[in-house]
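Could you look it over with me before we compare notes?

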Amino acid sequence: MWLYLVRRLFLAVAIVVLAVTLLFVMIHAVPGDPAAIILGPRATPELKAALHAKMGLDDPLPVQILTFFADVVRGDMGTDVFTQRPVSRIVLGQLPFTITLILTSIAWAALVAIPLGCYSAIRRNTMIDKVTGVLSVGTIAIPSFVMALYALLIFAVLLKWLPAIGAGQGGLWDAIRHLILPALAVGIGWVGYISRIVRASMLEILGENHVRMARAFGLPERRIVFRYALPLAILPTVTVLGVGMAHLLSAAVFAEVVFARPGIGGLIVTAVNTRNYPIVMGTVLVTTGLFVISTTIADLVNAMLDPRVRESL
Amino acid sequence: MTTAETVHDTGESEGVRGPGALRQYWQQLRQDHLGMLGLLLVVLMVGSAILADVVAPYEATKVMVGPRLAPPSWDHWLGTDHLGRDVLSRVIMGGRVALMVAMAALGAALSLGLLLGLIAGFGPQWLDNGMLLIFDAVRAFPVIIFALAVVTLLGPSLSTVIFVVAVTSIPIYARVVRTQTQSLKNNEFILAERAMGAGTPRILGVHILPNVIGPLLILASMDVPLVITLEAGLSFLGMGVRPPTPSWGTILNDGYNYIRNSPWPVVAGGIPIILTTLGFTFLGEALRDIFDPKLRKDL
């Protein structure tokens, strides 16, 4: 286990280092002067020279990469071009909104999907199972931003049941009301996805020896399912959740744009549109870090639960 | 996996080639209702994209003097947008854009992924390790975040979208090819071939490639919806296809901006995306069940 832990952590660090290097190289591989791009077309040569010195663009490339890394490690990701506020503070200020959205979405999806998948596995090949199967594929296939737009159209614009934009100003209840539609759009694909996984692993486990043993002992079916099969059937979901962070983040970006919610998504889209380099980079760094952390945790949890995984790395 | 159980065991048909095998595959597909529905949707989408000039009732980019944001009518089956353009014509032309992006991006990703996968699978251990690390690092960027970063650097355009899709899909294909190559390269027929003096290019090209390409093509066909979604998504954010070129994403974006005036453009822009992704997904799942039940079973 310890060996696996060390190797997995090394992989995580290596991925982050590589990602940061890629990001750095990408910015410098673009034709033209980064300073000129940041300052825009109307920059004077003096301004450019000043920014050059400030950004360390005159240093040799290896030095630049090292300073870049040192800054990132210290949590210094530069300052916003327009407001001159530190990027780290801006990004971290938006992060809670996105994390709330992602966690709410995945939580409701899991709460609906696990019983659904379980039920489909036990009542396999019934009408309900088949309908759930088709609906699962459907909800997985439909892009989340189309879901978000339709949810906005139906529940906010036409029916006017829920607020259309923002994250709410006054109190918890308002915040929850603003969270419902985005969380619906982000989570619905996961209902299908998780229920399919739970169904598949449940079917596998129900055929295994320990379950047959329990049946032979005459244990009630309810106890067999809930006590001996379900805990094992939920396992694969944990791994998928880690890898699924990327999908969740993408879905959250679109949901935030569609519902004009504050968060990482809205932040990066605005930054891209205004060519606000430091913000774009800061957001990319933070999301990549978040993503790597979550996949690492998911893998470690999985290795803890399943000895076979430990051998494979 | 409701479909897997209804499909016959393909084990006995393995090795059968030619028209007989094709007919058998077709029979299997015919029994899969969702697969047939998917095929129908895909044929409709591809057909209307190819025949877009003939099928589209109006010119997609033409600004007309008629009613703006009009609901569906006999003249305009899906209504008109905020510039009075016929939405149905834009949807049909948008399908052509989506299909072009998908084909270009997946083509590039397939060929490069194949090449890199063969190298990683057949090359020395250190090269394999290094390449795997890079594949994992590229995949560590969530696609949309990576796409936004690239758009900032290269500017929004059709080729940026193709580039992003290609770069993010290469690691997936390369990994599949690598694993297949590694399991193949110590097989007896490869060792025999090598003993008879065949060089690496011959082994890779003549013996490993044909064994690897099948699953790869199925994977790619299942990725078409992902690509179409990404193109539409980026165009929706105003970072993909430039106006006035119609794309399902830009139609949605225009509709979103006028959502309080008229719901129709949003409805019309979303439906083709839903139908196409569903079509390719249903068809892809059916094909996978027929040809290679082991592949991506968990998805």
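Here are some numbered points on helices and annotated spans.

1. This is a predicted model, in which local features need pLDDT of at least 70 and side-chain atom pairs count only at pLDDT 80 or more, while totals for chains, interfaces and linings use all residues. Residues are numbered from 1 along each chain as its sequence is written, chains are lettered from A and ligands numbered from 1 in the order in which they are written, and side-chain values use heavy atoms, with hydrogens and water left out.

2. Helix H10 of chain B (residues 200-236) spans only 46 Å between its end C-alpha atoms, whereas a straight helix of 37 residues would span 54 Å. Helices here are DSSP runs (H or I, at least four residues; strands are E, at least two), numbered from the N terminus, and the expected span is 1.5 Å times one less than the number of residues.

3. Where does H10(B) kink? A kink of about 50 degrees lies at Leu209(B), shortly before Pro210(B); the bend is the angle between axes fitted to the seven residues ending there and the seven starting there. After H10(B) comes Gly238(B), with a positive phi near 80 degrees.

4. The unreviewed UniProt entry annotates "transmembrane region" in chain B at spans including 97-120 and 266-287; such annotations may be inferred rather than shown by experiment. Residues 97-120 of chain B are 100% helix, with end C-alpha atoms 34 Å apart. Residues 266-287 of chain B are also 100% helix, with 32 Å between the end C-alpha atoms.

5. Trp126(B) sits in helix H6 of chain B (residues 125-140).
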